[in-house]
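Work through the following exercises with the sequence and the coordinates at hand.

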Amino acid sequence: MPPRGPIPPPEPPLRAIRAGLRLATETLAHELARPAGATPRWSPLQWRLAAAAAAAHGVAPLLHRRSRWSDPCWLAFLDEQRAHVEHRHRRVAALLERIDRDARAAGIALVALKGSALHALGVYLPGDRPMADIDLLVGDADAAEAAALLGRLGYVEAFAHWKHRVFKPADQVPPHSLGEHRDTPINIELHPRVRERLPLAYADISEHILAADARPGLNPYPGLCALMSHLLLHAAGNLCGRSLRLIHLNDIALLAARMSARDWQALCDGDGGAAPWWALPPILLARRYYPDAFPAAALERLRAHCPARLRRRWERRDLSAASCSNLWLSALPGLEWARTPGEAARYLRDRLSPGEESRRERADMVRTQLWLQQQRWAAMPQRLRLLTRLLRPVPRMDALYVVRAALNGYDRAAG
C-alpha cells in the first residue's frame, strides 16, 4: 500500500545543517539590528534553515515588522508567526491581569519578570516578542500562598529545581509546530530568587528586584537598572549553557537605549552590592550586532570587573557560538565562567559524575521537553554521553527538533 500524505524531504547531512544554521543566524542577527533590504539568494534548504533559526531565536515576529526581504514563503512564515504571537500575547495579558487581581486580594506581592516587564514598559508592541511562559518572583513568606493561587487558576506543579518551580495548566498538551503557536499552553515559573549558576557558583541579585515595601499584586522592577541587571544575568546564564537567543540580545539593546548615565553607574556599581563581574560578556555579544547601544564609559568599568580569561573568550565569539545555532554539543559548556581552580575542579567532577540534583534536573527535562522525548541520547549514562562528545561531534536535540519542524512544515504557511 502506498504511503499516505506527502513524503518528507530527506534530511540533509548534519554538517550542511550546521553551516546553514550559522549562516542564517548571523544574517538574521545583522538584519534585525540594521535591516539591509536586499533579499538573500538562498536555496530552498537555506530558507528552511533560516525559518528554523528565526523560530529558535524568537525573532520571527520582529523580522515581520523590520525586514524587507521579499521571498514569498518567508513572508508567509513571518505573517503566520506574528499572528500566533499577537494572539498569544492577548492570552498572556489576560492571565497577568487575573494574577494581579487575585494576588491583590490574597495580599501576595509579586514581580512580573523579563518579557512581561518589557511589554509593560512599552519596549515591544503586542505581537513583537514571544513569551514562552510567565516568570514571577515571590518572597519566601508568600511562596506557599502564591502556589495555592496558581492552583486556583487551574495550574499544577510540573517540577521544581534550584531556579524556579514550573506550573502548567492541567490537561493541556502543547501542539507540535514550527515556532510559536497560539494554542501553546502558558506555563508559569515561580521564582524564589533571581539568580544564575555560573557555572556552579550562584550569582544572586534578588535583593535588587523585590523591594521590601512591595505592594500586593504585580509589581514592576524598582528601576531600569534592576531590569537590565536581570536581563544581563539571565543572558550570562544562557551563555554559560550555550542557550542564548537573539531575542535576548535585542531586549538588552532596546533597554540600553532607555538608560540614563545614572542607571549605567548604578549597574556598574552593582547597585550597592557586589560588582557584576558577569555583565560584560552579554554586552560584548550584543555590541557585536548593536555597536551604538552601549556607552563607552560603562563598557570600560564593566571590563574592570570581568575576569580577564572570560573577557577574552567572549570578545571573540558570536551569537552562533553562544546558542543552539552551534549544532554540536559542548562537552564542557561554561567552564570558562569558573573563577577559581577549585570551582573549575568541582565543575569537572560534576560533569563526570553528576550529583543527585543534576540527575533530577535531567530527568525532569527528559520528562517535560518534547525535543528530548524518545531520544536514545537522553537515556544514556552521563559518562558515556561525555565520552561520546569528546570522541565525535554530537548534535543538539533542541536544534534538530526545530530544524526538522522547518524541513517538514515551512512551506505550509504559503499554502
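The exercises below treat helix packing, cavities, a pocket and local backbone geometry.

The model is predicted, so local features need pLDDT of at least 70 and side-chain atom pairs count only at pLDDT 80 or more, while totals for chains, interfaces and linings use all residues. Residues are numbered from 1 along each chain as its sequence is written, and side-chain values use heavy atoms, with hydrogens and water left out.

**Exercise 1. Describe how helix H10 packs against helix H12.**

Solution. Two packed helices are described by the angle between their axes and the distance between the axes.

Step 1. The axes of H10 (residues 280–289) and H12 (residues 308–316) come within 9 Å and cross at roughly 20°. Helices (H or I, at least four residues) and strands (E, at least two) are DSSP runs numbered from the N terminus. Axes are lines fitted to C-alpha atoms, for helices over the stretch in contact, and angles run from 0 to 180 degrees between N-to-C directions.

Step 2. H10 and H12 are therefore roughly parallel to each other. Angles under 35 degrees count as roughly parallel, over 145 as roughly antiparallel, 65 to 115 as roughly perpendicular and the rest as oblique.

Step 3. The crossing of H10 past H12 is right-handed; the term applies if the near helix is turned clockwise from the far one by less than a right angle, and left-handed if anticlockwise.

Step 4. On the H10 side, the contact is made by Leu280, Pro281, Leu284 and Arg288, and on the H12 side by Leu310, Arg311, Trp314, Glu315 and Arg316. Contact means heavy atoms within 4.5 Å.

Step 5. This contact of H10 with H12 has five nonpolar, no polar and four charged residues. Ala, Val, Leu, Ile, Met, Phe, Trp, Tyr, Cys and Pro count as nonpolar, Asp, Glu, Lys and Arg as charged, and the others, Gly among them, as polar.

**Exercise 2. Repeat the analysis for H7 and helix H9.**

Solution. Step 1. H7 and H9 (residues 261–268) pack at an angle of about 50°, with their axes 9 Å apart. That makes H7 oblique to H9.

Step 1. H7 passes H9 in a right-handed crossing.

Step 2. Leu224, Cys225, Met228, Ser229 and Leu232 of H7 meet Asp263, Trp264, Ala266 and Leu267 of H9. The classes here are seven nonpolar, one polar and one charged.

**Exercise 3. Which residues line the largest cavity?**

Solution. Step 1. The structure holds three cavities of 30 Å³ or more. On a 1 Å grid over the protein atoms alone, a cavity is a set of points where a 1.4 Å probe fits but cannot get out, a pocket is an open set with protein on both sides within 12 Å along at least five of seven lines, and lining residues have an atom within 4 Å of a point.

Step 1. About 60 Å³ of space lies in the largest cavity. Grid points are joined across faces, edges and corners, and a volume is the space filled by probe spheres set on the points.

Step 2. The lining consists of Lys114, Lys163, His191, Arg193, Val194, Arg195, Glu196, His230, Leu233 and His234. H7 gives the most to this lining, with three residues.

Step 3. By class, the lining has two nonpolar, three polar and five charged residues.

**Exercise 4. Characterise the second largest pocket.**

Solution. Step 1. Its volume is about 420 Å³. Of its 20 lining residues, Ala112, Ser116, Ala117, Ala120 and Pro220 are the closest to its centre.

Step 1. H4 gives the most to the lining, with six residues. The lining divides into 13 nonpolar, five polar and two charged residues.

**Exercise 5. Locate the backbone features at Pro199 and Lys114.**

Solution. Step 1. A cis peptide bond, with omega of about -15°, joins Leu198 and Pro199. Pro199 is found in the loop between S6 and strand S7 (202–204).

Step 1. Lys114 is not a glycine, although it has a positive phi of about 50°. Lys114 lies in the loop between strand S1 (109–112) and H5.
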